[in-house]
Structures are given as structure tokens and as C-alpha cells.
Amino acid sequence: MMNIVVGIVLLGLALTISMYNKLIRKRNQVSSVEASVDVQLKRRYDLLPNLVATAKEYMSHERSLLERIVTLRESAKSAHSTSEKFQLNNEISGLLRNLQVRLENYPDLKANQNLLQIQTTLSDVEEQISAARRTYNSAVEEYNNAVEMFPSNLIANLFNFQKGTFFDIPQNEAEVPNVGNLFKQ
């Protein structure tokens, strides 16, 4: 009888350790994918000052939009939480769409070679951010399922595992900014 009790306790312990390790693995996967999102966001942050500086030469009437992009960039770089970082980057994406519309009114700017190169690179970065966002959200979904589904939710609650934050974008901004076509005539 004692052997059966010891066997059940050992089995329970083994299952607990297995579920705990599964949760750790999934949480680390989310962190790893978030780091790749951060790499793409940093590439965007590095391009924005060049875009703004080049556009400012031509777009004196759009100064507030350009300054808002720079301000959001600085805030996003120093965001204190994942959700704050993602929210600020959603705002940047929205402003880039707005900039795309406004740039159509500046034919001289559309011919600027420096800006053409920046917009090509920025377009590539936006596509990579979109791909990284999908990968990140998939990893968060797997992790959140493990945190919420029985029986791993028991271990998650016991060890205070928290649900991950999705990198969502508002419905009205669901498409990637098409900065690649900003200056094509």
C-alpha cells in the first residue's frame, strides 16, 4: 500500500515538474520572439529620424506630424512595458499611414533619392515587423493557452504565471503601411 502512495506522489511530482517546465519553455519562447520584434522595431526607430529630417526640408506645413513621429519614437524606445511599447508602435504605424497620404502633395519630395532609399528600407522593415508580430502573437497564444487550460493552469496559478500581451493593432489600422509606394508616380 505504501508503494502505491509513493508511486502516486512521485507521478504527481513528475507531472507537476513537466507542466512547470512546459510553461517556462513557452514563456521563454514568447520572450525570444519578442526580442526579434524589438530588433525590427529598432530598425524602424533608426530610420525614422532620417525620414523626418529629409521630409522636413520639403514639408514645412507638416511639422507637427513629423515632430509627433519623433516624439513617439523616443517614447517607444523607452517604454516600460510590452503593452505600452506595442501601443506606441501602433500609433507610429498610424502616423506613417498619415504621412504617406500627405507626402503625395509634395512632388519634389517624391523625386528625392535619399528619401526613395529610406522608404524602400522602411517598407522592408514594416513587412518584417508584420511578420514578427504574427510570430509573436502565435507564441503568446500558445503560452496563454498553457496558462489557462487545465491541468497546466493549476501549476500556472501556483507559480504565478501571467498571461502574455498580444501585439494587436487597431482594426482600422489592420493593414501594413505601404511606404513602398509612397513615391512611385
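The following exercises with worked solutions concern a predicted model.

**Exercise 1.** Determine whether Val 6 is buried, partly exposed or exposed, and state where Val 6 lies.

*Solution.* Step 1: Val 6 belongs to helix α1, which covers residues 2-56. Step 2: buried means under 20% relative accessible area and exposed means over 50%, with partly exposed in between. Step 3: the relative accessibility of Val 6 is 40%, so Val 6 counts as partly exposed.

**Exercise 2.** Describe the salt bridge between Lys 85 and Glu 34.

*Solution.* Step 1: a salt bridge requires a side-chain nitrogen of Lys or Arg within 4 Å of a carboxyl oxygen of Asp or Glu. Step 2: for Lys 85 and Glu 34 the N to O distance is 3.0 Å, and their side chains form a salt bridge. Step 3: this pair links distant parts of the chain, since Lys 85 is in helix α3 (residues 82-103) and Glu 34 is in helix α1, 51 residues apart. Step 4: both Lys 85 and Glu 34 are buried.

**Exercise 3.** Characterise the lining of the largest pocket.

*Solution.* Step 1: the volume of this pocket is about 160 Å³. Step 2: its lining residues include Arg 27, Glu 34, Tyr 136 and Lys 163. Step 3: four lining residues are nonpolar, five are polar and three are charged. Step 4: helix α1 supplies the largest share, four residues.

Technical notes:
Residues are numbered from 1 along each chain as its sequence is written. This is a predicted model: local features need pLDDT of at least 70, side-chain atom pairs count only at pLDDT 80 or more; totals for chains, interfaces and linings use all residues. Side-chain values use heavy atoms; hydrogens and water are left out. Helices (H or I, at least four residues) and strands (E, at least two) are DSSP runs, numbered from the N terminus. Buried means under 20% relative accessible area, exposed over 50%, partly exposed in between (1.4 Å probe, protein chains only). On a 1 Å grid over the protein atoms alone, a cavity is a set of points where a 1.4 Å probe fits but cannot get out, and a pocket is an open set with protein on both sides within 12 Å along at least five of seven lines; lining residues have an atom within 4 Å of a point. Grid points are joined across faces, edges and corners, and a volume is the space filled by probe spheres set on the points. Ala, Val, Leu, Ile, Met, Phe, Trp, Tyr, Cys and Pro count as nonpolar, Asp, Glu, Lys and Arg as charged, and the others, Gly among them, as polar.
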